[in-house]
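Reader: Before we discuss any details, could you show me the sequence and the coordinates together?
Author: Here they are, and the questions can follow from them.

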Amino acid sequence: MLITALTFWTLNIRISEMARRADNRIIINMGCVDCRERTYHSSKNRRNDPQRIELKKFCPRCRVHTLHREVR
Ligand SMILES: [Zn+2]
């Protein structure tokens, strides 16, 4: 009886830890700066990247590598 209560307690802690971690990891959309086409999904850490992130990616509409910026 004591063991099951303890297992349940540790499981509860683990779940709350996961929820906290998921809160800092958010899904973002990446859009082409040139044509405004939203071509990519990505995820970022809110704590590590509080500002909008920019990445060089291939845009299928422009057919070249362009700068993609995070759009919300
Ligand atoms: Zn483009």
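Author: A term to settle at the outset is pLDDT, which is the predictor's confidence in each residue, from 0 to 100. This is a predicted model, in which local features need pLDDT of at least 70 and side-chain atom pairs count only at pLDDT 80 or more, whereas totals for chains, interfaces and linings use all residues. Residues are numbered from 1 along each chain as its sequence is written.

Reader: In which element of the protein chain is confidence highest?
Author: Elements here are DSSP runs numbered from the N terminus, with helices (H or I) of at least four residues and strands (E) of at least two. The chain averages a pLDDT of 85, and 93% of its residues score at least 70. Confidence is lowest in helix α1 (residues 2-24), with a mean of 75, while the highest mean, 94, belongs to β4.

Reader: In what order do the four strands lie in the open sheet?
Author: Two strands count as paired if DSSP finds at least two bridges between them. Six bridges join β3 to β4 (residues 64-71) in antiparallel fashion, and four bridges, again antiparallel, link β1 (residues 25-32) with β4. The open sheet, with its antiparallel pairing, therefore has the order β2-β1-β4-β3.

Reader: Which strands form the edges of that sheet?
Author: An edge strand of this sheet pairs on one side only. That description applies to residues 38-45 and to residues 54-59, which are β2 and β3.

Reader: Which residue of β4 is the bridge partner of N29?
Author: The pairing of β1 with β4 runs in the antiparallel sense. Within β4, the residue bridged to N29 is V71.

Reader: Is V64 buried or exposed?
Author: V64 is found in strand β4, where it stands opposite C59. A residue is buried if 20 or more other C-beta atoms, placed from the backbone, lie within 10 Å of its own, exposed if 12 or fewer, and partly exposed in between. Because V64 has 10 other C-beta atoms within 10 Å, it is exposed.
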